[in-house]
Amino acid sequence: MIKQHLSNVSYPAKVATAIAELQDFIAGCRDAREARKALAVKLVYQDYLYEEIQTILDVSLGSITGWKQAYEENGLNGLKLNHKGRKSHLSSEQLQQVLSWLQTKNCWELGELEYKLAFEYDVVYESKQSYYDLFDAADIAWKKTTKLNPKANPEAVAGKKKEIETLLASKRSEIETGKLRVLLIDECHLMWGDLSGYVWGRTDREITVPVVNERNKQTYYGAVDYLEGKLLLRAYDKGNSENTIDYLRYLLNESGEQQLLLFWDGATYHRSKEIQGFLDEVNQGLTIDQWKIRCVRFAPNCPEQNPIEDIWLQAKTWVRRFCALIPTFSHLKWMFEWFIRHTTFDFATLQMYGFFSKIK
């Protein structure tokens, strides 16, 4: 049972309160080890089997039991790293071992070094600078991985923004009453080595990011509800017309009797004959105001027009803190999907084309 800090409420209420408390802790946690402990306990309260949690997070059954007990006895403090009693430095021999270990690959996450020192040498530094000094001693520097972004036409982007604002304003009543559902659609390609922007890397070597290993790549279709802030996620092998049609059917099934107003980019498979044929079939015999699906394209070469880009970024940023602790790409995908499906998104760019409030 959940003790002490939740002792005065019924058990179902305790569980609901604990899940909410743990979720808030995970969302604001900067330490991957603490976040992993909290996530394990949260999954216990969500009725996951211990064996399932062991597989998902690659932790021992004993650790899960211990973390749950620590939380029930001491609340969130029971999940925090206990710095008291830990060593604050490495011996000369340990230092050489760590420096040699840092030469074993070209780029690193800070969490990997923190994890190595804490769990193998029982050393936790109070200052991040101590870890930075170790990187420096190993001739490893903070480096930016480079991506090329296409140039957008500012006039076309501004014109499209005005067009979308005008369209949404004209449909405000239908949107707020739920007759019309506005969805912002995009595809995200999750890759094992593509989750780091800045990394710690050897100063004498260029940092490259692998982006073509199909075994470590997952394509997701996502549509964020402009009114609700929830994202409808579905995994596919790649982006193409066939999968796009399947995803559009999924959105129709998830939306009941609502009409759909979709905004997306001009990807080739968004403009294909197959897609147009599907839309003609769905909307056959209906006037434009009655269409089941209406699609509007953003201006070309400017992904920032779609607020869903910020959601992909949030999800990747959240997952990135676990990179040092997750052993396989399948684990990484599970964490990415878990974050998306358990988050309601609420940020400024989501209302960049006009503010709408949900009618209760």
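Reader: Which residues form one aromatic cluster?
Author: The model is predicted. A search of the whole structure finds eleven aromatic pairs. One aromatic cluster is made up of Tyr221, Tyr236, Tyr247 and Tyr250.

Reader: Is the aromatic pair of Trp334 and Trp338 stacked or edge-to-face?
Author: The ring centres of Trp334 and Trp338 are 6.4 Å apart, with 20 degrees between the planes. Planes under 30 degrees apart count as stacked, so the pair of Trp334 and Trp338 is stacked.

Reader: What separates Trp334 and Trp338 along helix 13?
Author: Helix 13 spans residues 329-341. Because Trp334 and Trp338 are four residues apart in this helix, their separation is about one helical turn.

Reader: Is Trp338 buried or exposed?
Author: Trp334 has a relative accessible area of 22% and is partly exposed. For Trp338 the relative accessibility is 4%. Buried means under 20%, so Trp338 is buried.

Reader: Is helix 2 roughly parallel or roughly antiparallel to helix 3?
Author: Helix 2 (residues 32-45) and helix 3 (residues 50-57) have axes 10 Å apart and pack at an angle of about 150 degrees. Angles over 145 degrees count as roughly antiparallel, so helix 2 and helix 3 are roughly antiparallel.

Reader: How many residues in the contact of helix 2 with helix 3 are charged?
Author: From helix 2, Arg36, Leu39, Ala40, Leu43 and Val44 meet Tyr50, Ile53 and Leu57 of helix 3. Seven of the contact residues are nonpolar and none is polar, while the number charged is one.

Notes: Residues are numbered from 1 along each chain as its sequence is written. This is a predicted model: local features need pLDDT of at least 70, side-chain atom pairs count only at pLDDT 80 or more; totals for chains, interfaces and linings use all residues. Side-chain values use heavy atoms; hydrogens and water are left out. Axes are lines fitted to C-alpha atoms, for helices over the stretch in contact, and angles run from 0 to 180 degrees between N-to-C directions. Helices (H or I, at least four residues) and strands (E, at least two) are DSSP runs, numbered from the N terminus. Angles under 35 degrees count as roughly parallel, over 145 as roughly antiparallel, 65 to 115 as roughly perpendicular and the rest as oblique. Contact means heavy atoms within 4.5 Å. Ala, Val, Leu, Ile, Met, Phe, Trp, Tyr, Cys and Pro count as nonpolar, Asp, Glu, Lys and Arg as charged, and the others, Gly among them, as polar. Rings of Phe, Tyr and Trp (its six-membered ring) pair if their centres lie within 6.5 Å; planes under 30 degrees apart count as stacked, over 60 as edge-to-face and the rest as tilted. Buried means under 20% relative accessible area, exposed over 50%, partly exposed in between (1.4 Å probe, protein chains only).
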